[in-house]
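Please look through the sequence and the model shown here, and then follow the questions below, each of which is answered in a few careful sentences.

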Amino acid sequence: MRALAIFLFVLLLFVSGITLSFAGLDSTAFSSTETHGFVGFDRNQYPGDEALPMLRKSYSFASYWLSPPPGEKSNSWTGKRGLMRAQGFGFLLLYQGRTSGQLPYKKDSIEAGIADAHAAAAAARQEGFPEGSVIFLDVEEGGRFFDGYHAYLRSWAESLTKEKFRPGIYCSGIVVDEGEGSTIISADDIRAHIGVVDVVYWVFNDGCPPSPGCSVPQNPPGPAASGVIYASVWQYVRSPQEKKVARHCRGYASDGNCYAPGDAAHKWFLDEDVATTADPSAPR
């Protein structure tokens, strides 16, 4: 009887050991599949060839304008793809969007979307980006959009898909108070009206929280931490610091701008982003 009890006790220890071993394996497997964020930067002006090695130490990807940025008549990024790729950068392709004031009528909005998609695709091909790359339309305005603007965005997304590129939208992920208890996030408004499923969203929300401020975190939060759970890219810092939105954020320089950790001379102010991949515009 005593021998049987010892046998059962040993058997119990053996089974428990196997169970714990599998539990440990499951835990390891789970942690290895956790989402890892990649930090990048964006800015309107190309920082210059000499800046790339220093910026690459902190950032996995960078913006790349396919049109002149807002307020500019020329595009300083043109022709820089090869050099940036050689440094190991991934890309966020950008094309300047129209403002609501430029789109007074729905018919004009549809035609504008077609024209901008065609121009963006042509510029991407000219710069050597492959078909299937994501091109983000830069939408700077926030709040709720009117029907004509939604028509423009829908036309952009449909037309860019026909051009064999994947449509993306850069837009606000900040909650806007519309009064009388009503709020809206521009990204949600766009997504609800665009009518195209396969659109990639790059949202900006530089309020703290959720933004970690001007910094390059060791374990950056994923884009969903922006408050827009379907976002693929999150711009968590804008330069200069938005006093109304980002007044509680830390890490900005005394001039109100954000700089890379290695930029001791403060030569290149920039915006900071986090994405689920090191090359957010790459074809999937």
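Q: In which loop does K164 lie?
A: Helices (H or I, at least four residues) and strands (E, at least two) are DSSP runs, numbered from the N terminus. Phi of K164 is near 75°, a positive value in a residue other than glycine. With these elements named, K164 is placed in the loop between α5 (147-162) and β5.

Q: Is K164 buried or exposed?
A: This is a predicted model, in which local features need pLDDT of at least 70 and side-chain atom pairs count only at pLDDT 80 or more, while totals for chains, interfaces and linings use all residues. Residues are numbered from 1 along each chain as its sequence is written, and side-chain values use heavy atoms, with hydrogens and water left out. Buried means under 20% relative accessible area, exposed means over 50%, and partly exposed lies in between (1.4 Å probe, protein chains only). Because K164 has a relative accessible area of 53%, this residue counts as exposed.

Q: What is the relative accessible area of E180?
A: E180 is in the loop between β6 (175-179) and β7 (182-185), and its phi is near 55°, a positive value in a residue other than glycine. E180 is classed as exposed, and its relative accessible area is 87%.

Q: How many helices and strands does the chain have?
A: Of the 284 residues of the chain, 46% count as buried. The chain's elements are counted as 7 helices and 10 strands.

Q: Why is strand β1 described as largely enclosed by the rest of the structure?
A: Strand β1 covers residues 38-42, and its partners include strand β10 (residues 271-275), which pairs with β1 in the antiparallel sense over 5 bridges; two strands pair if DSSP finds at least two bridges between them. Strand β2 (residues 61-65) runs parallel to β1 and is joined to it by 2 bridges. The strand is largely enclosed because, of its 5 residues, the number that are buried is 4.

Q: Which residue in β10 is the bridge partner of D42?
A: The antiparallel pairing of β1 and β10 has 5 bridges. One of the residues in strand β10 is the bridge partner of D42, and that residue is D271.

Q: How far from D271 is the nearest side chain of opposite charge?
A: Lys and Arg count as positive and Asp and Glu as negative, while His and the chain ends are not counted. D271 is buried yet has no salt bridge, a salt bridge being a side-chain nitrogen of Lys or Arg within 4 Å of a carboxyl oxygen of Asp or Glu. The nearest side chain of opposite charge belongs to R238, at a distance of 6.8 Å.

Q: Which side chain makes a polar contact of 3.4 Å with D271?
A: A polar contact is a pair of N or O atoms within 3.5 Å; within protein, one must be able to donate a hydrogen and the other to accept it, and residues adjacent in sequence count only if both atoms are side-chain atoms. Leaving out residues up to four places away in sequence, D271 touches several residues, among them F41, V237 and R238, where contact means heavy atoms within 4.5 Å. The polar contact of 3.4 Å joins the side chain of D271 to that of Q235.

Q: Which residue meets D206 in a salt bridge?
A: Side chains of opposite charge can pair when their charged atoms come close. For D206 the N to O distance in the salt bridge is 3.0 Å, and the partner is R238. The pair links distant parts of the chain, 32 residues apart, with D206 in the loop between β8 and β9 (233-237) and R238 in the loop between β9 and α7 (243-246).

Q: How many bridges join β9 to β10?
A: All of β9 is covered, since 5 of its 5 residues are buried, so β9 is largely enclosed by the rest of the structure. On one side of the pairing list, β8 and β9 run parallel and are joined by 3 bridges. The strands β9 and β10 run antiparallel, with V237 opposite E272 in β10, and the number of bridges joining them is 4.
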